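Hi,

Here is the structure I said I would pass on. Have a look at it first, and my notes follow below.

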Amino acid sequence: MAELVGIYAASHTPVMLNFPEAIPDDDRHEIFAGFRALGDSLRQARPDTVVVVSDDHLHNFFLDNLPAFCIGAATSYRTPVEHWLKAERQVLQGDADLGAHLLGEALRNGFDPALSMDLTLDHGVLTPLHLAGLATPGAGVRVLPLLVNCVQPPLPTMARAYQWGGMLREAIASFPGDVRVAVLATGGISHDIATPRMGVVNEAFDREFLRLLQAGEAQPLIRFATDHVNEAGNGAEEIRTWLLAHGVAGGRGFETTYYKAVANWYTGIGLGRWAVGS
C-alpha cells in the first residue's frame, strides 16, 4: 500500500530563477538555503512520487477550457513551458498509475477533477523543485501535478481546497501499489501580478495566514483566507494550494521553516512543512 511520507509548502515566483540578483546577496543565499533544506528533508523521506499541488498560469489551460482542479496522469512531463524562464528544458518522469488512481478516487468521493495526460509544466511546479534539487535527472523521484485554478475567477472556494486535501490523503492511502508519496504545495503567499500594487507584499496577511496554519484550527483559517485574500493581492489566490496541503495533513502539524517579505521578488517567500501523521 502507498505511504504518505511528507507534506511541504513553498512560495514560487519565476523571478527567483530569472532575476535572482534583484535582491541582496544575503537574502538570496538565505532563501536558497531554505529551499535546499526543504529538498534535503524531502529526500530523507525517500518519496517515490511527489504530488506537486500548484496552479497553471494560463499556459496549458485558457478561457476556452479552464478546470478548477486537474490531475496529471501522464508518464512524463516536459518543462518549463515558458520560453523566457532561465531554466534548462527537461522531461520529468510522471506517475500515471497513481494519477489514474487519484482521479478515480476523487470521482468516487464526489469530487470532479479534470484529467490531463499532456501537460507542459510551468514555473509554478518547476521553480520549487529546481531550487530544492529535485528537478534533476538523478533525483530519482516521479512528479504528479495536481493543478488548482488560482488565476481566473470563478475560483474554487478555500473550503473546497481544504476538502480536496482530505480526499487526497485518503486516496493516496488506498493506492494498492508499494509507493512512498510526498506532497509539495506551491504558490503565494501575498503578491500582485500586473497591477499597480506589484511589488507590494502584505507581510501582516502572510504572517497571520502562517500563524493560523500552525494553530491547527481549520475553520478560522478558511474564514481568514476567504475574507482577506483580496487584501494580499491577486497572486495570493494561490494559498489554495497551501490549504489543500493542510487538508492532506488533517489540519494539524504545520511548522513555518522560513518567511521573508521580498518586495523585489514581488512576493512573500514562505516555506513550511507538516508533521506526517499528526
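**What I found**

"Lies across" rests on contact, meaning heavy atoms within 4.5 Å. For the angles, axes are lines fitted to C-alpha atoms, for helices over the stretch in contact, and the values run from 0 to 180 degrees between N-to-C directions. The element names come from DSSP runs, numbered from the N terminus: helices are H or I with at least four residues, strands are E with at least two.

Before going on, the ground rules: this is a predicted model, where local features need pLDDT of at least 70 and side-chain atom pairs count only at pLDDT 80 or more, while totals for chains, interfaces and linings use all residues. Residues are numbered from 1 along each chain as its sequence is written, and side-chain values use heavy atoms, with hydrogens and water left out.

Two of the pairs are worth a look:

- β2 (residues 49–54) and β8 (residues 180–186) are parallel, with five bridges; T49 has V181 of β8 as its bridge partner.
- β9 and β10 are antiparallel, with eight bridges; T256 has G272 of β10 as its bridge partner.

β9 and β10 also form a hairpin with four residues between them, and Y266 in that turn has a positive phi of about 70°.

**A helix pair**

α5 (residues 158–173) packs with α7 (residues 218–228) at an angle of about 140°, and their axes are 9 Å apart. That makes α5 and α7 oblique to each other; the classes are roughly parallel under 35 degrees, roughly antiparallel over 145, roughly perpendicular from 65 to 115, and oblique for the rest. On the α5 side M158, A159 and Y162 take part, and they meet A218, I222, A225 and T226 in α7. By class, this contact has six nonpolar residues, one polar and no charged ones. In that scheme Ala, Val, Leu, Ile, Met, Phe, Trp, Tyr, Cys and Pro are nonpolar, Asp, Glu, Lys and Arg are charged, and the others, Gly among them, are polar.

What does the side chain of H12 reach? H12 is in the loop between β1 (3–10) and α1 (15–18), and its side chain reaches the backbone oxygen of G124 at 3.4 Å. The side chains of H12 and E238 are joined by a polar contact of 3.3 Å. A polar contact is a pair of N or O atoms within 3.5 Å; within protein, one must be able to donate a hydrogen and the other to accept it, and residues adjacent in sequence count only if both atoms are side-chain atoms.

H12 is buried, at 2% relative accessibility. The cut-offs are under 20% relative accessible area for buried and over 50% for exposed, with partly exposed in between (1.4 Å probe, protein chains only). Not counting residues up to four places away in sequence, H12 touches a set of residues including S54, D55, H57, H123 and T186.

H123 is in helix α4 (residues 123–131) and is buried too, with a relative accessible area of 6%. Leaving aside neighbours within four places in sequence, the contacts of H123 include H12, H57, E82 and L85.

**Backbone details to check**

- The peptide bond from P153 to P154 is cis, with omega near 5°; P154 is in the loop between β7 and α5.
- The peptide bond from G188 to I189 is cis, with omega near 5°; I189 is in the loop between β8 and α6.
- R46, in the loop between α2 (25–45) and β2, has a positive phi near 55° and is exposed at 53% relative accessibility.
- L58, in the loop between β2 and β3, has a positive phi near 60° and is partly exposed at 32%.

Cheers

Terms used. Two strands pair if DSSP finds at least two bridges between them.
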